[in-house]
Amino acid sequence: MSTLKQPQRPTVKGPAEWFTGDVYFNAYYAGEEPSRTRLNLVRFTPGAHTAWHRHAVGQTLHVTEGRGYVQSRGEELIELLPGDTVYTPAGEWHWHGATGDNFMCHLALWESPGPDSAEPETTWGEKLTPEEYPGP
Ligand code: MN
């Protein structure tokens, strides 16, 4: 094995069942066993955000641009600015996205739970209600 340049992959629109508003992502890395690492760049347009979801092995977000939010269920809203890094533990329900008046781009780093796990990498739940999304 030697160092290999990876193929560039196209920007993909986030599926409407997982996101409110327009979200685009690029999958930069999806490791093959024994690596289970995944790295995406996710771009949220103003007001766009994920549905409630959880990651089997947790997730780290690193904000590269704009203004956004992340919130775990039942916990305080966290405002995100460029340079911020946040970690959401395994199995914790949460959402993330842009503020109502700005784009927000983050790198998302997470892992697959592995081939023997019954649990998917990400479990998706309900969309946020208008009352749950804080707006601008
Ligand atoms: Mn997440």
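Q: What should I know about the model and its numbering?
A: The model is predicted: local features need pLDDT of at least 70, side-chain atom pairs count only at pLDDT 80 or more, and totals for chains, interfaces and linings use all residues. Residues are numbered from 1 along each chain as its sequence is written, and side-chain values use heavy atoms, with hydrogens and water left out.

Q: Which side chain meets that of Arg54 in a salt bridge?
A: A salt bridge is a side-chain nitrogen of Lys or Arg within 4 Å of a carboxyl oxygen of Asp or Glu. Arg54 meets Glu119, at 3.2 Å from N to O. Glu119 is partly exposed, with a relative accessible area of 32%.

Q: Where do Arg54 and Glu119 lie?
A: Look up the elements first. Strands (E, at least two residues) and helices (H or I, at least four) are DSSP runs, numbered from the N terminus. Arg54 lies in strand S6, and Glu119 in the loop between strand S12 (104–111) and strand S13 (122–124). The two are 65 residues apart in sequence, so the pair ties those parts together.

Q: How many salt bridges does this rule give?
A: The count comes to 5. Among them is Arg73 with Glu126, whose closest N and O atoms are 3.5 Å apart. Arg73 sits in the loop between strand S8 (68–72) and strand S9 (78–80), and Glu126 in the segment after S13. They are 53 residues apart, so here too the pair links distant parts of the chain. Arg73 is partly exposed at 38%, and Glu126 is partly exposed at 47%. Another is Arg36 with Glu33, at 3.0 Å from N to O. Both ends are partly exposed: Arg36 at 30% and Glu33 at 46%.

Q: Which residues are the protein donors of the manganese ion?
A: Donors are N, O and S atoms within 2.8 Å of the metal (3.2 Å for Na, K and Ca); water is not among the atoms, so sites may look incomplete. Here the protein donors are His53, His55, His94 and His96 through NE2, and Gln59 through OE1, lying 2.2 Å from the ion. Their spacing in sequence is H-x1-H-x3-Q-x34-H-x1-H. His55 is in strand S6 (residues 53–55) and His96 in strand S11 (residues 94–98), 41 residues apart.

Q: Are His55 and His96 buried or exposed?
A: Both are buried.

How values were computed: Buried means under 20% relative accessible area, exposed over 50%, partly exposed in between (1.4 Å probe, protein chains only).
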